[in-house]
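Hi,

Here is the structure I promised to pass on. Have a look at it first, and then read my notes below.

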Amino acid sequence: MNSIRFDICPCCSCSDFIIWWNNRLPESLKGWKDFFYGGRRFIRDIISCRSCGYRFINSLTKDSEKWYSRQDIEVYRSMEQFRSRYFEDIKNDMLKRFNKTFPTDAAALDIACGDGLWLQLWHADMKLFGTEVSDNFKEILTKKDITILRDEELQPEQYDLVSMFDFLEHVEVPDSFLAHKWRLVKPGGFLIIGVPDMGKIAARILGSRYYLVCPMHYSYFDSLSLGKLLQKSCPDADIAIYPSPPLKTDLSGMIKWLGYKKPLPKVINIRLPVGYAASIIAVVKKQAAESKRRQINK
Ligand SMILES: [Zn+2]
């Protein structure tokens with residue numbers, strides 16, 4: 001086996017690893033769908049931290065940029081109405097749990113904002129900023145009044161709300177990445193993160209056969225490992241982690257999402273009665289400057 005790409009676990013800092021999935025002859029990726037949905041047969045090795053359960057692909061795909069740039073965004077956009085409702089649920093949940101209102105000059109930043117569905121929900125509340133590497137979304141984002149920023153343009157303590165949905169699991173080194181994004185949050189502001197939940201019963205039973213184990217997901221978290229990662233990477237934080245709302249879809253959306261292109265005849269398309277809550281959501285509040293001072297003076 002290749003050497004392990006982390007000396008210590010990015011989440012809990014221990015160094016007790018075991019091999020969780022090992023495949024001496026992984027198939028090579030032939031298109032973006034293999035990278036996105038291909039499953040374990042395209043993955044050489046997945047390592048698990050014995051202490052917190054964090055898992056990661058050890059031998060990473062070399063041309064990930066290529067596969068992301070070739071993604072067919074129509075598949076992504078076909079899920080728009082369902083993802084939009086999902087984000088609305090998250091927003092309402094967040095406002096209810098944290099009883100938070102934002103000042104009139106507040107700013108929101110969404111990392112890898114895609115077509116801006118999450119940000120547009122905050123249009124009336126805040127100025128909107130996003131990072132997005134795919135050129136496919138630029139026109140849509142400009143229409144939605146979302147300013148696209150490059151990584152080097154991001155300034156510390158500028159944003160009242162920093163978010164990343166379904167992104168952290170794609171990042172090579174999650175702890176340093178998160179620590180950088182945490183610095184962008186204003187004191188008193190929030191970071192909100194959504195990642196696939198590998199602690200779900202289905203994920204635990206199916207193991208490496210679970211549908212979210214795929215070459216593009218470099219990291220696999222559950223609420224324990226995500227909590228450890230946040231404690232380590234986000235100083236002065238109050239952390240809450242809870243199951244995501246369910247994402248509801250219809251049959252044709254589900255089939256497209258699974259990577260099939262052929263349109264489904266309208267007559268047999270049905271709205272699926274139950275959604276699936278595949279993710280965990282972390283809402284992380286950065287202590288306001290005054291409360292930090294009070295704690296130091298105690
Ligand atoms: Zn660990």
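Before anything else, a word on terms: when I say contact, touch or cover, I mean heavy atoms within 4.5 Å. Helices (H or I, at least four residues) and strands (E, at least two) are DSSP runs, numbered from the N terminus. Buried means under 20% relative accessible area, exposed means over 50%, and partly exposed is in between (1.4 Å probe, protein chains only).

Please keep in mind that this is a predicted model, where local features need pLDDT of at least 70 and side-chain atom pairs count only at pLDDT 80 or more, while totals for chains, interfaces and linings use all residues. Residues are numbered from 1 along each chain as its sequence is written, and side-chain values use heavy atoms, with hydrogens and water left out.

**Overall picture**

The protein has 11 helices and 11 strands. Of its 298 residues, 49% are buried. Among contacts with a separation of 6 or more, 72% are between residues 24 or more positions apart. The accessible surface (Shrake-Rupley method, 1.4 Å probe; for residues, only the protein chains shown count as cover) is about 15400 Å², and carbon and sulfur atoms contribute 51% of that.

**The zinc site**

Which residues hold the zinc ion? They are Cys 9, Cys 12, Cys 49 and Cys 52, each through its SG atom, at 2.2 to 2.3 Å. Donors here are N, O and S atoms within 2.8 Å of the metal (3.2 Å for Na, K and Ca); water is not among the atoms, so sites may look incomplete. Along the chain, the donors are spaced as C-x2-C-x36-C-x2-C. Cys 12 sits in the segment before β1 (17-22) and Cys 52 in the loop between β2 (45-49) and β3 (55-57), so this pair ties together parts that are 40 residues apart in sequence.

The angles between the four donor atoms run from 101 to 114°, which makes the arrangement tetrahedral. Four donors get that label if all angles lie between 85 and 135 degrees. For reference, the ideal angle for four tetrahedral donors is 109.5 degrees.

Cys 52 has 2% relative accessibility, so it counts as buried. Gly 53, in the loop between β2 and β3, is partly exposed at 23%. Leaving aside neighbours within four places in sequence, Gly 53 is in contact with Ser 48 and Tyr 220. Its C-alpha is 9.3 Å from that of Phe 17, a residue 36 places away along the chain.

Start with α9 (residues 223-233), where the buried residues are Ser 225, Leu 226, Gly 227, Leu 229, Leu 230 and Ser 233. What covers them? The list includes α7 (174-183), β8 (185-196), β9 (219-220), β10 (237-243) and β11 (279-286).

**Some loop residues**

Is Asp 115 buried or exposed? With 0% relative accessibility, Asp 115 counts as buried. You'll find it in the loop between β4 (107-110) and α5 (117-120). Not counting residues up to four places away in sequence, Asp 115 touches several others, including Tyr 76, Arg 77, Arg 83 and Lys 144.

Most residues other than glycine have a negative phi. Asp 145 has a positive one, near 65°, and lies in the loop between α6 (138-143) and β6 (147-148). At 53% relative accessibility, Asp 145 counts as exposed. Asp 236 also has a positive phi, about 55°, and is in the loop between α9 and β10. Asp 236 is partly exposed, at 33%.

Enjoy exploring!

Terms used. Four donors count as tetrahedral if all angles lie between 85 and 135 degrees; four count as square planar and six as octahedral if opposite donors are over 155 degrees apart and all others between 65 and 115; anything else is irregular.
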